[in-house]
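The tour below goes from one selection to the next.

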Amino acid sequence: MLKTIPLLMALSLGCVTVATAAEPEIAGTWLAEDIRGGGVIDNAQSKITFETDGRVSGSGGCNIFRGSGVVSAGKLKIGPIISTRMGCAHAVMDQEEKFFSALNAASSFIFDGAFLRLLAEDGSELLRLTRLD
C-alpha cells in the first residue's frame with residue numbers, strides 16, 4: 001500500500017510517496033566515497049540512509065534531507081527529495097548539489113559486498129558509497 005505525505009519545504013514541489021522497503025543488502029546508512037568520478041570532500045560527509053519503510057534520509061554535507069526510495073530487484077528510484085536550505089562554504093554546497101543530482105538520476109544499483117554503486121540509466125556510476133552502520 002502506498003501512502004502520500006505532504007511536505008512543507010521541497011526541492012521539487014509535490015508529495016512524497018512511501019513505497020516498498022529497501023532490500024536487506026542496502027538498508028542502513030551509506031557514506032559517499034565518490035560522486036560522478038570527482039571524489040568528495042572528506043569532512044563534508046554526504047550520506048544517505050535507506051529506511052526499511054521505503055524512505056530515505058541523510059545529509060548532503062550541509063543540509064539534511066528526506067524523501068522516498070523505491071528499491072526492487074536492483075532497480076532504484078529516489079525522490080522527490082526535500083531538504084533544509086542552510087548555506088555552507090561554496091565547495092560543500094557544490095558537492096551537496098552533485099550528491100542530490102546523482103540521487104535523483106539513479107535508476108539502479110550494484111552492491112558488491114564492499115561498495116554500493118548507484119547507477120544511471122546508461123549504466124554509468126553516479127555514486128560509490130560505503131556502509132556506515
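Start with Q95: is this residue buried or exposed? The model is predicted, and in it Q95 has a relative accessible area of 6%. Buried means under 20%, so Q95 is buried.

Keep Q95 selected and show the secondary structure. Q95 lies in helix α1, which spans residues 90–105.

Now extend the selection to the contacts of Q95. Leaving aside residues up to four places away in sequence, Q95 touches I35, V40, I41, A44, Q45 and S46.

Move on to the cysteines. Which two residues does the disulfide join? Select C62 and C88: their sulfur atoms are 1.9 Å apart. The structure holds one disulfide. The angle about the S-S bond is 80 degrees, and the link is right-handed.

Colour by secondary structure to see where the two ends sit. C62 is in the loop between β5 (55–59) and β6 (64–72). C88 is in the loop between β7 (75–83) and α1 (90–105). The pair therefore ties together parts that are 26 residues apart in sequence.

C62, at 13% relative accessibility, counts as buried, whereas C88, at 35%, counts as partly exposed.

How values were computed
Residues numbered from 1 in each chain as written. Predicted model: local features only at pLDDT ≥ 70, side-chain atom pairs only at ≥ 80, totals over all residues. Heavy atoms only, no water. Disulfide = S-S within 2.5 Å. Helix = DSSP H or I, 4+ residues; strand = E, 2+ residues; numbered from the N terminus. Buried < 20%, exposed > 50% of the residue type's maximum accessible area, 1.4 Å probe, protein only. Contact = heavy atoms within 4.5 Å.
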